[in-house]
Every structure is written in C-alpha cells, then in structure tokens.
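Please examine the sequence and the model shown here before reading the report.

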Amino acid sequence: MPQQQAIAQAQAASNSNFFRHSSVALQLRQQSGNQIILNPKRHYGCRNLYPLDNISISRASMAMAAADSNKARVPPPLPLPVPPLMKFKIGLCQLSVTVDKERNIAHARKAIEEAAQRGARLVLLPEIWNSPYSNDSFPVYAEDIDAGGDASPSTAMLSEVSRSLQMTIVGGSIPERCGDRFYNTCCVFGTDGKLKAKHRKLHLFDIDIPGQMTFRESMTLTAGESPTIVDTDVGLIGIGICYDIRFQELAAIYAATGAHLICYPGAFNMTTGPLHWELLQRARAADNQLYVATCSPARNTDSVYVAWGHSTLVGPFGEVLATTEHEETILIAEIDYTLIEQRRLYLPFAKQRRGDLYQLVDVQRVKSEIN
C-alpha cells in the first residue's frame with residue numbers, strides 16, 4: 001500500500017475508538033515488511049483515540065524489540081523482587097556538623113531517635129556527618145570500621161541504635177581508615193544492629209571551576225572498587241555517595257539488579273547545588289523508574305566547605321515527593337513501592353531498549369557468573 005494512501009485511510013479511520021482493530025491497521029500489518037509506527041495524535045490531527053502516543057502495527061517487530069531490550073543489559077536485568085514492605089516512612093536527617101566529633105555522634109543519634117518516633121522505618125544520614133568536610137579533617141576523624149568498637153564510635157552508635165529501635169539505617173558516610181588508606185564510606189545497618197553492607201565512594205570529587213569551586217578528594221581519599229546493593233527489611237537499596245549520583249551507569253546497574261530505592265548521602269556545594277542537585281536526583285529516578293533519596297548536611301556558612309542542603313525524596317516518575325531547604329531538619333516522607341510497577345506499566349521503556357544498538361555491562365555480575 002503506498003504510504004500516502006495508508007496515511008489517508010488511517011486518518012479516515014481515526015474517528016473510531018477502535019482504530020487499533022480497524023481494517024486499515026490489519027491491512028498495514030499484513031502488507032508491511034517493516035514496522036510502521038502511526039502517531040495520529042501528533043501527525044494526522046486525529047482525536048478520540050486510545051491514550052497511546054504511538055501505535056505499533058507489527059507484532060513481530062514488537063516481539064523482536066522485547067527480546068533486544070534484554071540484550072541492552074549484560075547480564076539480562078533481574079525482575080523486581082517483592083519487598084518485605086510495600087509502604088513505609090523514610091527519615092532524612094539533615095544534620096548540622098561541627099568540629100566536635102562526640103557532639104556530632106550524639107546529635108545524629110538524637111535525630112535518628114526522633115525520626116523513629118515520627119514513624120520512620122528507614123533513616124538516611126548525610127555525607128561526612130561526623131567530621132568537617134575537608135581534606136585536612138578526613139585523616140583526623142577517620143575510623144577503623146572493620147575493627148569496630150572504640151576504633152569506630154560512629155558505627156558503634158549506628159549499630160546500637162538500629163538494634164534498639166529495630167530500624168534500617170543507611171548511615172550517610174564517614175571517613176574510613178583501612179591500613180594506610182582513607183575512604184569516604186557509607187555503612188548500612190539492619191534491624192538487628194548488624195552491618196549489612198559497606199559502600200566506599202566510587203567516584204571521587206575532583207573538580208576545578210575557576211573562581212567558584214575547587215576540591216580534590218583524591219588528595220587524601222581512595223576510590224572504592226564495587227557498587228553496593230543491599231537487601232534490607234525495606235527492600236533492595238542501591239548506595240551511592242554524592243558525586244556517584246552523576247554517573248547514570250551506576251544507577252542503571254542498580255535498577256537492573258532489582259533495586260527499589262537508591263540512597264545518595266551527599267554534600268553538594270553552593271556552586272553545583274543550585275544547578276544540578278535536584279536535576280540529577282530526578283534524572284536518576286526517572287531514568288530507572290525507582291525511588292531516589294538524598295541527604296545533605298545542613299548549611300553552615302562559617303565552614304570552609306558550605307553544603308547546599310535540600311535533602312529530597314524523588315518518586316519513580318521523577319517527581320519530587322518531599323524536600324526541604326538548607327536548615328537543619330528531619331524530613332519524614334512516605335515510600336510506596338506499588339508506584340514502581342505502575343509507572344513502569346505506564347511507560348514501559350525498559351522493554352523498549354535497543355540491545356542491538358547499545359549495552360550496559362555489569363562487570364561484577366559477569367565475573368560472579370563466570371566464577
């Protein structure tokens with residue numbers, strides 16, 4: 001059928017709500033060797049159609065596209081698991097940080113306890129909450145997390161309070177000492193008080209914006225070596241720290257591994273914060289159709305490094321569900337995992353990826369499957 005004739009017949013058939021089942025659609029399916037996409041709403045001035053942007057005429061092509069979509073992730077993506085809880089409250093503790101480490105630890109504990117009293121089942125703390133954010137401070141405030149006890153008073157507190165309150169804690173991040181190396185490390189504690197995972201910041205914050213912001217974490221810190229996704233009492237959580245959020249590949253790996261939520265403790269600054277903080281959160285959530293939670297330190301204009309603040313929870317449509325300004329606060333918001341499947345049904349682009357054109361390789365999963 002000539003293309004102009006097909007368009008004319010499609011336009012004539014568009015007055016019917018049953019366009020998808022019309023003789024025109026059937027004829028196009030039978031006569032077309034290639035996939036034909038009709039977008040009558042945008043191109044043919046049609047109205048009163050099924051609420052779809054595009055109508056695919058070739059079922060064979062659709063099946064092929066679905067098969068190709070799995071090839072876009074190597075290994076193929078895992079199905080979204082059923083979480084222990086479908087709905088719960090998260091607490092984002094935007095804390096003020098001082099040079100007094102003991103005070104910072106006690107203050108964080110108090111904030112966690114208040115979040116629990118307000119119904120939170122999961123708490124997220126800020127990046128570097130027990131120490132000033134500076135290369136001079138990291139070695140001084142660093143703790144031996146593996147040794148625990150007195151060698152790591154910050155994580156000892158997190159372990160104790162998670163057990164006593166029976167809640168999951170994504171413990172922001174603290175400077176970690178391991179041998180002669182230092183890391184920016186996030187610890188996740190389960191409801192039994194045990195350390196479930198330890199994420200070392202993968203992408204170090206090394207930037208130079210002349211006249212505005214220069215910082216090089218690599219002067220003191222070492223980058224981590226592996227992504228972290230942890231199975232908790234509130235679902236599968238992927239972990240990133242601050243600058244990690246700029247790398248969409250990490251978030252995509254978490255999504256392909258079945259994450260419900262990605263937590264990013266972060267301390268964006270007064271230059272990049274207003275430009276990119278919310279933008280990146282919404283992008284990671286919308287790209288992967290899952291929840292994204294961030295937690296920043298409160299702003300202290302007397303600090304060498306001034307944090308932007310604005311801790312936020314973003315939903316799987318990229319919508320801001322809850323946020324705050326720059327002052328110290330505890331933000332309580334609800335997470336509803338049923339929205340993930342709903343949003344993925346509305347926009348099924350995970351099944352529409354072109355595995356014949358591009359691939360994302362999860363190197364760790366590939367290695368584990370080989371071994």
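The sections below cover the basis of the model, its cysteines, a surface patch and a pocket.

## Basis

This is a predicted model, in which local features need pLDDT of at least 70, side-chain atom pairs count only at pLDDT 80 or more, and totals for chains, interfaces and linings use all residues. Residues are numbered from 1 along each chain as its sequence is written, and side-chain values use heavy atoms, with hydrogens and water left out.

## Cysteines

The structure holds 0 disulfides (pairs of cysteine sulfur atoms within 2.5 Å). For Cys93, the closest cysteine sulfur is that of Cys295, at 6.3 Å, which is too far for a bond.

Cys93 counts as buried because its relative accessibility is 0% (buried means under 20% relative accessible area, exposed over 50%, partly exposed in between, with a 1.4 Å probe and protein chains only). Cys295 is also buried, with a relative accessible area of 0%.

## Nonpolar surface patch

A nonpolar patch on the surface is formed by Phe317, Leu345, Tyr346 and Leu347, which together have about 440 Å² of accessible area (Shrake-Rupley method, 1.4 Å probe, only the protein chains shown counting as cover for residues). Patches are made of residues with over 30% relative accessible area and no salt bridge; like charges are joined within 9 Å, and nonpolar side chains (Val, Leu, Ile, Met, Phe, Trp, Tyr) within 5 Å. A salt bridge is a side-chain nitrogen of Lys or Arg within 4 Å of a carboxyl oxygen of Asp or Glu.

Phe317 counts as partly exposed because its relative accessibility is 37%. Phe317 lies in the loop between strand S16 (312-314) and strand S17 (320-323) (strands are DSSP E runs of at least two residues, helices H or I runs of at least four, numbered from the N terminus).

## Second largest pocket

The second largest pocket holds about 590 Å³ of space. Its lining has 24 residues, of which Pro77, Arg344, Ala350, Lys351 and Arg353 are the closest to its centre. At least two lining residues come from each of helix H4 (59-71), helix H8 (248-256), helix H9 (272-288) and helix H10 (338-346).

A pocket is an open set of points on a 1 Å grid over the protein atoms alone, where a 1.4 Å probe fits, with protein on both sides within 12 Å along at least five of seven lines; lining residues have an atom within 4 Å of a point. Grid points are joined across faces, edges and corners, and a volume is the space filled by probe spheres set on the points.
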